[in-house]
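Visitor: Hi there! Could you walk me through this one before I set anything up?

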Amino acid sequence: MRILLTNDDGIEAEGLECLERIAAQLSDDVWVCAPQTEQSGKGRGITLTEPLRVNRLGDRRFAVTGTPTDCVVLAVNDLMPDKPDLVLSGVNRGHNVGEDCSYSGTVAGALQGMAFGIRSIALSQSLERFHDAVTAHWETAEAFAPAIISRLLERPWANGVVMNLNFPARPPEAVTEVEVTRQGFRDIGEMHAVKRTDLRGRDYYWMSFRGTKHDHPVGTDLRAMDEGKISVTPLHIDLTHPASVHELKGVLGGAPPKAVAR
């Protein structure tokens, strides 16, 4: 099995080292193509307005001056001799659950693999608190990911699906359960901008999260992280809301309206 690894924390990230150890338990044909610098929060962004530079760091290891999506596109189309059988993206420092999935570069790397028809998995390691002084329990992802991935690969997947794995902020011995979950959603007010002033008196902003505690619904990826479980969520790129499609067909089907509704 040929495996492609990418991430959004950058080529030098501890999580990528963890992912390499995970992949080594599954195959000896492992390739790495990751961003040169951190690309967290870039989602499915692609670089269109400037050239991409590739730095070859080894026979099967590349750093790209772009996003995780750029990395997967370049690796599959140009840098690898054949298309990989599996794309693993991560291990992200911090979980990717709830609405994180829509702007996560980690999830985006897996989505691009899926777009190429490759089975793809995003992996993230939750933190007790998102701060540089906090050390992630990389040993937890490393302990459980290989067996979970191997079992996922034994099963057929629906078209357009990627698997999103999140490991709780606990040491391996404190993790006793895996749960297949659905994507949850936080309070929309948690994301906000912190206003500050630079030394020249000019205002600037840092995007941040309030980190408010909530009682998340049972069965969601958010609740699984709260309860110290490993979360496995099948994600689909189709953003269509079927019930609304059915309802709107009765209003807007047929010839286009000419009069403004009053």
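Predicted model: local features only at pLDDT ≥ 70, side-chain atom pairs only at ≥ 80, totals over all residues.

Visitor: What about the overall dimensions of the C-alpha trace?
Guide: Along its principal axes the trace spans about 65 × 45 × 45 Å.
Visitor: Let's talk charges. How far apart are the mean positions of the positive and negative ones?
Guide: They are 6 Å apart, with 28 positive and 35 negative charges in the protein.
Visitor: Now some individual residues. Where is Arg-2 found?
Guide: Arg-2 is in strand S1, which covers residues 2-6.
Visitor: Buried or exposed, and why?
Guide: Arg-2 counts as buried because its relative accessibility is 17%, and the cut-off for buried is under 20%.
Visitor: Which side chain does Arg-2 make a polar contact with?
Guide: That would be Asp-29, with the two side chains joined at 2.8 Å. Arg-2 also touches other residues beyond four places away in sequence, including Trp-31, Met-80, Asp-82 and Asp-85.
Visitor: How far is Arg-2 from Val-97 in space?
Guide: The C-alpha to C-alpha distance is 28 Å, and the two residues are 95 apart in sequence.
Visitor: Switching to Arg-93: which strand is that in?
Guide: Arg-93 is in strand S5, residues 86-93. Arg-93 is buried, since its relative accessible area is 18%.
Visitor: Which backbone oxygen does the Arg-93 side chain reach?
Guide: The side chain reaches the backbone oxygen of Val-134, at 2.6 Å. Val-134 is also on the list of residues that Arg-93 touches, leaving aside those up to four places away in sequence; among the others are Asp-9, Gln-125, Phe-130, His-131 and Trp-138.
Visitor: I'd like to check the backbone too. Where is there a cis peptide bond?
Guide: A cis peptide bond joins Gly-90 and Val-91, with omega about -15°. Val-91 lies in strand S5, the strand in which Arg-93 is found.
Visitor: And which residue with a positive phi follows H7?
Guide: Gly-254 follows H7, and its phi is near 90°.
Visitor: How many residues of H7 are buried?
Guide: Zero of its 11 residues, so H7, which runs over residues 242-252, is hardly covered.
Visitor: Last one: His-216. Where is it found?
Guide: His-216 is in the loop between strand S10 (203-209) and helix H6 (221-226). His-216 counts as buried because its relative accessibility is 9%.
Visitor: What does the His-216 side chain pair with in a polar contact?
Guide: The partner is the side chain of Asp-226, at 2.7 Å. Asp-226 is also one of the residues that His-216 touches beyond four places away in sequence, together with Arg-186, Leu-222 and Arg-223.
Visitor: Great, thanks!

Methods
Residues numbered from 1 in each chain as written. Heavy atoms only, no water. Helix = DSSP H or I, 4+ residues; strand = E, 2+ residues; numbered from the N terminus. Buried < 20%, exposed > 50% of the residue type's maximum accessible area, 1.4 Å probe, protein only. Polar contact = N/O pair within 3.5 Å; in protein donor to acceptor, adjacent residues only side chain to side chain. Contact = heavy atoms within 4.5 Å. Lys, Arg positive; Asp, Glu negative; His and termini not counted. Charge placed at Lys NZ, Arg CZ, Asp CG, Glu CD.
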